[in-house]
Amino acid sequence: MTHYETLGVSEDASLEEIRARFRALARELHPDKASVRSCSTQSTASSDAFQTIAAAYEVVGNTSTRELYDRRLSEVRRRERVIISDEVDLDEFSMDEASEEYSYPCRCGDRYVVSETDLSDGRSVV
């Protein structure tokens with residue numbers, strides 16, 4: 001969950017909108033207010049919720065920390081979109097006769113290796 005979702009605002013919300021939403025949530029969830037209205041279990045949950053919204057507001061309620069957070073959020077989302085699997089034919093693998101292994105270069109810099117035994121035994125290597 002993003003800080004924006006925690007506060008219930010859109011990612012393009014203005015600082016004023018973020019501040020107003022935080023204040024409304026703070027009035028509702030502040031531990032001093034919650035302890036007057038409810039039992040200790042609900043008061044603890046309310047305190048936890050207040051700390052969560054306060055931490056979110058601390059980040060997105062400030063222009064400089066918000067810009068940094070938005071860049072990091074964008075980078076995380078970009079990485080999530082990267083395809084981590086690919087369909088490769090055995091013909092595209094290199095065969096090492098000595099070890100009886102097929103290998104294919106991996107994007108991580110290593111190699112994906114499948115042995116002749118794996119193939120002849122019908123093992124799933126994916």
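Arg66, Tyr69 and Leu73 are the buried residues of helix α5. They line one face of the helix, because their directions fall within an arc of 65° when seen down the axis of α5. The model is predicted.

**Helix α5**

- Helix α5 runs over residues 63-80, 18 residues in total.
- From first C-alpha to last, α5 reaches 26 Å. That is close to the 26 Å expected at 1.5 Å a residue.
- Ser64, Arg71, Arg72 and Arg79 are exposed. They sit on the face of α5 turned away from its buried side.

- Strand β1 spans residues 94-96, and strand β2 spans residues 101-105.
- The two strands pair in the antiparallel sense, over three bridges.
- Ser94 has Ser103 in β2 as its bridge partner.
- Four residues lie between β1 and β2 in this hairpin.
- Glu100, in the turn, has a positive phi of about 55°.

- Strand β3 covers residues 111-115.
- β2 also pairs with β3, again in the antiparallel sense, over five bridges.
- Tyr104 stands opposite Tyr112 in β3.
- Five residues separate β2 from β3 in this hairpin.
- The turn holds Gly109, with a positive phi of about 105°.

**Side chains in strands**

- In a regular strand, side chains alternate between the two faces of the sheet.

Notes
Residues are numbered from 1 along each chain as its sequence is written. This is a predicted model: local features need pLDDT of at least 70, side-chain atom pairs count only at pLDDT 80 or more; totals for chains, interfaces and linings use all residues. Side-chain values use heavy atoms; hydrogens and water are left out. The expected span of a helix is 1.5 Å times one less than its number of residues. Buried means under 20% relative accessible area, exposed over 50%, partly exposed in between (1.4 Å probe, protein chains only). The arc is that of the directions from the helix axis to the C-beta atoms. Two strands pair if DSSP finds at least two bridges between them.
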